[in-house]
Amino acid sequence: MASLQTLMQDYDQHRARLEELRDLLEERLAAARADLSAAVTAGSAALAGLARRESDAIESALARMDRGLYGTCVRCGAFIPYGVLRRIPHEQLCLACAGTRERQGHSGATEIPAPRPAPAGVPERSRPEAAVPPGPGAGDEAGNGT
Ligand SMILES: [Zn+2]
């Protein structure tokens, strides 16, 4: 029988983990802010942008913690494994959604997949399927509207 005591123990453990993760988040937030001001001082817009994005992500994770939403996926609501949060305490996607993000080319800031020009020197007709001449019935589907 799942006793109330067990539930309370789970709850205590959950709270202890949250406290631990909050400490981690605050540590990282301080580090990200230090990075940010160092990058600004050094005049590196790229580094400053990175540090700002990280500190924003951490702040929003802390805000979600205050609302009791921390540790759940922002996209589908699934729980994010504790092991993931230990490594990246501001992670806000579950493994499945993070996997989708990876495949789509990360969180997609400015990555627009540019259409690649066809490689030069490879003639179309070198592909075997293009070498097959249209059969006798090739025009049937196109012109018989009436
Ligand atoms: Zn998800």
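This is a predicted model: local features need pLDDT of at least 70, side-chain atom pairs count only at pLDDT 80 or more; totals for chains, interfaces and linings use all residues.
The expected span of a helix is 1.5 Å times one less than its number of residues. Helix 1 has 39 residues, and from its first C-alpha to its last it reaches 56 Å, close to the 57 Å expected at 1.5 Å a residue.

Now the overall picture. The protein has 6 helices and 0 strands, so in order from the N terminus the elements read α-α-α-α-α-α. Of the 146 residues, 12% are buried. Among contacts with a separation of 6 or more, 35% are between residues 24 or more positions apart.

Back to helix 1. Its buried residues are Leu 21, Leu 25, Leu 29 and Ala 32. What covers them? The cover includes helix 2 and helix 3, the latter being residues 82–87. Just after helix 1 comes Gly 43, with a positive phi of about 75°.

Next, helix 2, residues 45–66. It has 22 residues and spans 31 Å between its first and last C-alpha, close to the expected 32 Å at 1.5 Å a residue. Which residues of helix 2 are buried? They are Ala 51, Ser 55, Ala 57, Ile 58 and Ala 61. These cover an arc of only 155° around the axis, which puts them on the same side of helix 2. The general point behind that is that an α-helix has 3.6 residues a turn, so residues three or four places apart point the same way. The cover over the buried residues of helix 2 includes helix 1, residues 4–42. On the face turned away from the buried side, the exposed residues are Ala 45, Ala 46, Ala 63 and Asp 66. Just after helix 2, Gly 68 has a positive phi of about 80°.

On to how helix 1 and helix 2 pack. Their axes are 8 Å apart and the angle is about 155°. An angle over 145 degrees counts as roughly antiparallel, and therefore helix 1 and helix 2 are roughly antiparallel to each other. Their crossing is left-handed.

Which residues meet there? From helix 1, the list includes Leu 18, Leu 25, Leu 29, Ala 32, Leu 36 and Val 40. From helix 2, the residues they meet include Leu 47, Ala 51, Ser 55, Ile 58, Ala 61, Leu 62 and Met 65.

First, Asp 56, which sits in helix 2. Asp 56 and Ala 32 are 24 residues apart in sequence, with a C-alpha to C-alpha distance of 9.2 Å.

The other residue is Ala 96, in helix 4, residues 95–103. Ala 96 has 12 other C-beta atoms within 10 Å and is therefore exposed. Along the chain, Ala 96 and Ile 80 are 16 residues apart, and their C-alpha atoms are separated by 9.6 Å.

Conventions. Residues are numbered from 1 along each chain as its sequence is written. Helices (H or I, at least four residues) and strands (E, at least two) are DSSP runs, numbered from the N terminus. A residue is buried if 20 or more other C-beta atoms lie within 10 Å of its own, exposed if 12 or fewer, and partly exposed in between; C-beta atoms are placed from the backbone. The arc is that of the directions from the helix axis to the C-beta atoms. Two residues are in contact if their C-beta atoms, placed from the backbone, lie within 7 Å. Axes are lines fitted to C-alpha atoms, for helices over the stretch in contact, and angles run from 0 to 180 degrees between N-to-C directions. Angles under 35 degrees count as roughly parallel, over 145 as roughly antiparallel, 65 to 115 as roughly perpendicular and the rest as oblique. A crossing is left-handed if the near helix is turned anticlockwise from the far one by less than a right angle, and right-handed if clockwise.
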